[in-house]
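Student: Please give me a close look at a single part of this structure. I would like to know what surrounds it.

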Amino acid sequence: MKKLKNILLTNDDGIGAKGLRALEEMLRPFGKITVVAPKEAQSGMSSAVTITHPLRLFEHSQEERLIRYICTGTPVDCVKIAMNQLFTNNPPDLLASGINHGANTSSALLYSGTLGAAAEGVLYNIPSIGFSLATPHNPDADFSASIYFGRKIVEQYLLHPPISPVFISVNLPDIHLEQIRGIRLGRQGKGAWIKEFDKRIDPHGYPYYWLTGAYRNDEPDAMDTDQNLVDHDYVSVVPHQLDTTHYAEMERLRKIWNFA
């Protein structure tokens, strides 16, 4: 097993999340860990940063080869403040985000604070991985299979790192270890969230809206997508890039759009 000097951990479920403790356990054998996590849950923050009020950074706790900090901002704030205050001279060898309570497949990637933090790591040239468990946001979810398969993925990642700038998204099915069929490389699936708001009436008779929704899978038969791999009991591993330019469309439009 390859050893690392410094590992940075964060998440979007907050410092008290069980998934964060599982991520610590997963990565303890690899090196010294620094955790910088949000004070409160920050799901759905994507790559948001705090610009309207100052941030605060507090030391939370220490153990052997592990120190935890609380940041009052978003997951990306956590990465930024870690890099600007804690790792000014010795950047971490790996950034890991998660383990998220809930899948981050398909279009969920666009909203995920877990993956927003991983993308931010790549901007700092840090090898970065985001881990998510496809649990229905169960605060007491079982992460034992995530720890087992996560270590296998990290070992391969360190032996054969992806080409930069790429971050890795890992989604794990919420089933027992022996039920998981294996690990598969895949791609981001096509789909969207529909019927997203539940309209309700408060005690004063005024309407309010609660974010809910259901996922619409636009590629139900494609067995190389992250969503379908997880649905069929595989661990899904997808490499993502920061550059969202559609180069083929850029060339097509260059030929037909008539700009003087």
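Tutor: Let us look at helix 1, then at the sheet and helices around it.
This is a predicted model, where local features need pLDDT of at least 70, side-chain atom pairs count only at pLDDT 80 or more, and totals for chains, interfaces and linings use all residues. Residues are numbered from 1 along each chain as its sequence is written, and side-chain values use heavy atoms, with hydrogens and water left out.

Helix 1 covers residues 18-27. Helices (H or I, at least four residues) and strands (E, at least two) are DSSP runs, numbered from the N terminus. Buried means under 20% relative accessible area, exposed means over 50%, and partly exposed lies in between (1.4 Å probe, protein chains only). The buried residues are Gly19, Leu20, Ala22, Leu23, Glu24, Met26 and Leu27.

What do they pack against? Their partners are strands 1, 2, 4, 5 and 6, plus helix 4 (144-159). Contact here means heavy atoms within 4.5 Å.

Take helix 4 next. Its axis and that of helix 1 are 9 Å apart, and the two helices pack at an angle of about 45°. Helix 1 is therefore oblique to helix 4. Axes are lines fitted to C-alpha atoms, for helices over the stretch in contact, and angles run from 0 to 180 degrees between N-to-C directions. Angles under 35 degrees count as roughly parallel, over 145 as roughly antiparallel, 65 to 115 as roughly perpendicular, and the rest as oblique. The two helices cross in a right-handed way. Helix 1 brings Ala22, Glu25, Met26 and Leu27 to the contact, and helix 4 brings Ser146, Ile147, Gly150, Arg151 and Val154. By class, that gives 5 nonpolar, 2 polar and 2 charged residues. Ala, Val, Leu, Ile, Met, Phe, Trp, Tyr, Cys and Pro count as nonpolar, Asp, Glu, Lys and Arg as charged, and the others, Gly among them, as polar.

Two strands pair if DSSP finds at least two bridges between them.

Strand 1 pairs with strand 2 over 5 bridges, in the parallel sense. There, Leu4 has Gly31 of strand 2 as its bridge partner. Strands 5 and 6 also run parallel, joined by 5 bridges. Ser97 is bridged to Gly130 in strand 6.

Key: A crossing is left-handed if the near helix is turned anticlockwise from the far one by less than a right angle, and right-handed if clockwise.
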